Amino acid sequence: MGATTWQIALAMITLLCWTLVIYPYALYPFILRLLPRADIQPSGVLPSTVTLQFCAFNEGAVLQEKLDNIEVLKERHPGLEVLAYDDGSTDHTRDMLASRPDLLQVIDGAGRTGKAHGMKRLAAMATGDILVFTDANVLLQDDAIDRLLAWYEDPEVGGVCGTLRYINPGESATASVGGAYWRLEEKLKALESRTGNVMGADGSIFSLRRELYPSFPDTVLDDLTVSMASVFAGRRLLKVDDVVAFERLVSGRQDEFARKVRIAARAFHTHLYLRPQLRAMGRLDKFKYRSRKLVRWFGGLFLIVGALSAFLLAATFSPWAGLGFAVVLAAAAFAGSRIHNGPAGLVTETVLALLATLIGVLKAARGQTFVTWSPAKSR
């Protein structure tokens, strides 16, 4: 094969890889906007009871805010059932939860068993028609329960994902990238929702009809598994803007990298577990799932292959061009590791997020996953 043919092949590989890197964030939203809307039709039949549940491990630093928030929610909904699972905390989390029996019932875990195990225990005890899932460090807007219930007027709605807003997006480059990424994620979910189903929920704020709650092993990502149960049951999984929750972003680069590795490993492990049900989905849901999940999980691989093919392409023109490209990449990596703010910091955080996700996927592909978690120190 001649040099010109090699150059064309390498240029096509580079273009394809970098297109796949941006596809979930730029091209996929554009395609969603072209799809027909699938609006819901409320029937006026409201569910009667709600259970709010969350798991906690060493959340003593933020738990008082959570208890105050629950108190406000219960003032609006005196019948609201609140269940909390303590996953073997070693600080004063358990004592703080137990100090407010007027607000919630606390269930003790047998050591570190993980969030999925805890959520399953809580769901088995819950009496509400609607199960609302959240995190110990997340605060719900005062009217969140009222607005959430309104969406369940349509009997075809099986699950509802709320909107998460971060309260410290400007604290660091890591937080800025996290905030920008989450704003895009929220827009993607909204576009998916208006065309049918959202492809999975975030654990900060989502809900499900209790009758649809599935069984699953402790090793999976319970947020994805539980929320997708609505889709698998042939019901709607919506994302709505009027059910609002608030959370602090992780501001430390190391904390965020480790968090993304853990989440990606559990998410891909969950994907492997759910494959039989995923194959049975309709064509539109399969397209959305692959676009938002599968392509994104391998974004780091596409980035690496794209950079390598670009280097080889430069080298076909001149060894010095290849060397120059390599030097520029090395200098960018060196500078990025030391710059935490500004445009360079944002680019570095984006690349690290892609690489962390790829590492997590590779860990899951080798059979490794994460069951327990710890609060990020920089949150």
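**Labels and their grounds**

Analyst: Leaving aside neighbours within four places in sequence, A356 is in contact with F257, K260 and V261. The model is a predicted one.

User: What makes F257, K260 and V261 contacts of A356?

Analyst: The term contact requires heavy atoms within 4.5 Å. F257, K260 and V261 are in contact with A356 once neighbours within four places in sequence are set aside. A related value is the C-alpha to C-alpha distance of 7.4 Å between A356 and A258, which are 98 residues apart in sequence.

User: Why is A356 called buried?

Analyst: Buried means under 20% relative accessible area. A356 has 0% relative accessibility, so A356 counts as buried. Its place is in helix α12, residues 342-365.

User: Why does R296 count as buried?

Analyst: The cut-off is again under 20%. R296 is at 9% relative accessibility and therefore counts as buried. This arginine belongs to helix α9, which covers residues 283-297.

User: How do you know that the side chains of R296 and E185 form a polar contact?

Analyst: A polar contact is a pair of N or O atoms within 3.5 Å, where one must be able to donate a hydrogen and the other to accept it. The side chains of R296 and E185 are joined by such a contact at 2.7 Å.

User: What makes up the lining of the second largest pocket, by residue class?

Analyst: Asp, Glu, Lys and Arg count as charged. On that basis the lining divides into seven charged, six nonpolar and one polar. The pocket has a volume of about 230 Å³. Of its 14 lining residues, D39, W151, S193, R194 and K239 are the closest to the centre.

User: Which element supplies the largest share of that lining?

Analyst: Strand β8 does, with six residues. Both β8 (236-247) and α6 (173-194) supply at least two residues of the lining.

User: How much of the whole protein is buried?

Analyst: With the cut-off of under 20% relative accessible area, buried residues make up 50% of the 379 residues. The accessible surface comes to about 17100 Å², and 62% of this surface belongs to carbon and sulfur atoms.

User: What share of the contacts with a separation of 6 or more joins residues 24 or more positions apart?

Analyst: That share is 82%. The secondary structure of the protein comes to twelve helices and eight strands.

Key:
Residues are numbered from 1 along each chain as its sequence is written. This is a predicted model: local features need pLDDT of at least 70, side-chain atom pairs count only at pLDDT 80 or more; totals for chains, interfaces and linings use all residues. Side-chain values use heavy atoms; hydrogens and water are left out. On a 1 Å grid over the protein atoms alone, a cavity is a set of points where a 1.4 Å probe fits but cannot get out, and a pocket is an open set with protein on both sides within 12 Å along at least five of seven lines; lining residues have an atom within 4 Å of a point. Grid points are joined across faces, edges and corners, and a volume is the space filled by probe spheres set on the points. Helices (H or I, at least four residues) and strands (E, at least two) are DSSP runs, numbered from the N terminus. Buried means under 20% relative accessible area, exposed over 50%, partly exposed in between (1.4 Å probe, protein chains only). Accessible areas come from the Shrake-Rupley method with a 1.4 Å probe; for residues, only the protein chains shown count as cover.
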